[in-house]
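Please read them with the structure open.

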Amino acid sequence: MAKHFCGRTLLQKCMIFSLLCFATNVCSQPSWQLYESKRGVSVYFQRLTDDTLKMKAETVVNNVTAEDLVALLSDTDTAPSWIENITKVTLLKSLSPSENLVYSYIDSPWPVSNRDVITYSCYTRVSSLQTQLSIHARPDFLPKTKGVIRISTLDAMWLLTQQAKNLHISYQVYALPGGKIPTWLNNRIALKSTLKTLINLAEILTTKQYIAKPTVIRTGNCTHTEPPQL
């Protein structure tokens, strides 16, 4: 009788644990692991079941605002000087005051083939001190270029939190490079590139070495969540 009771109690505990996992989705989420902290930037990663990585980078930049960062992002001519491995960024289309489409060309380090990506961005306000820039791949907006691999999976988010005169920047990204590249090599390149990019970002924001374009997006609504037409 006692043996049956213990078995039933264990089963009940397992059922409760499973329900908690289902309700909170905690059990299925891998923990964030620190990749490296350098010059005020910390980069973390989650290793997913297919061995690909979801990455997160955080930093605080003094005496800047969210508007400063958005102005920097609008200066596409400056982008290659701070975004690692990017050699060209072009604004394709302004869909609304808070949304746009951007083309980026990636000069990948040997032996990886060069790639390009078309992204849809939407800038929204989360609270009085927090804004969010969401970015998603739109690979079919333009025809593919021969010899260049088009990235079709990319989801990223900039979460910008104003802290008095300082800006806390949190950046998360999940992307698949496409083509034939070993997962371990892509993971290594992606982590290094994210760290270098955020370090460069903090420096260029501090030194104000950029020019805001008239196309700077403003907070608003994401009205083009479906892929827009050319």
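Which residues does Leu69 touch, not counting residues up to four places away in sequence?

1. Leu69 touches Trp158, Leu160, Leu167, Ile169, Leu201 and Leu205, with residues up to four places away in sequence not counted. Contact here means heavy atoms within 4.5 Å.

2. A word on the basis. This is a predicted model: local features need pLDDT of at least 70, side-chain atom pairs count only at pLDDT 80 or more, and totals for chains, interfaces and linings use all residues. Residues are numbered from 1 along each chain as its sequence is written, and side-chain values use heavy atoms, with hydrogens and water left out.

3. The chain has 3 helices and 10 strands. Helices (H or I, at least four residues) and strands (E, at least two) are DSSP runs, numbered from the N terminus. Their order along the sequence is α-β-β-β-α-β-β-β-β-β-β-β-α. Of the contacts with a separation of 6 or more, 57% join residues 24 or more positions apart.

4. The chain has 230 residues, and 40% of them count as buried. Buried means under 20% relative accessible area (1.4 Å probe, protein chains only).

5. The largest nonpolar core holds 44 residues. Such a core is a set of buried Ala, Val, Leu, Ile, Met, Phe, Trp, Tyr and Cys residues joined through side-chain atoms within 4.5 Å. Leu69, Trp158, Ile169, Leu201 and Leu205 touch the most other members. Helix H3 (residues 183-207) gives the largest share of this core, 9 residues. Apart from this core lies another, of 7 residues, including Leu95, Leu101, Tyr103 and Cys122.

6. Look inside next. The search finds 1 cavity of 30 Å³ or more. The largest cavity holds about 1,200 Å³ of space. On a 1 Å grid over the protein atoms alone, a cavity is a set of points where a 1.4 Å probe fits but cannot get out; lining residues have an atom within 4 Å of a point. Volume is the space filled by probe spheres set on the points, which are joined across faces, edges and corners.

7. The cavity lining has 50 residues; Ile83, Ile86, Val117, Leu154 and Tyr171 lie nearest the centre of the cavity. H3 supplies the largest share of this lining, 8 residues. The lining divides into 32 nonpolar, 15 polar and 3 charged residues. Ala, Val, Leu, Ile, Met, Phe, Trp, Tyr, Cys and Pro count as nonpolar, Asp, Glu, Lys and Arg as charged, and the others, Gly among them, as polar.

Technical notes: Buried < 20%, exposed > 50% of the residue type's maximum accessible area, 1.4 Å probe, protein only. 1 Å grid on protein atoms, 1.4 Å probe; cavity = no way out; pocket = protein on both sides within 12 Å on 5 of 7 lines; lining within 4 Å.
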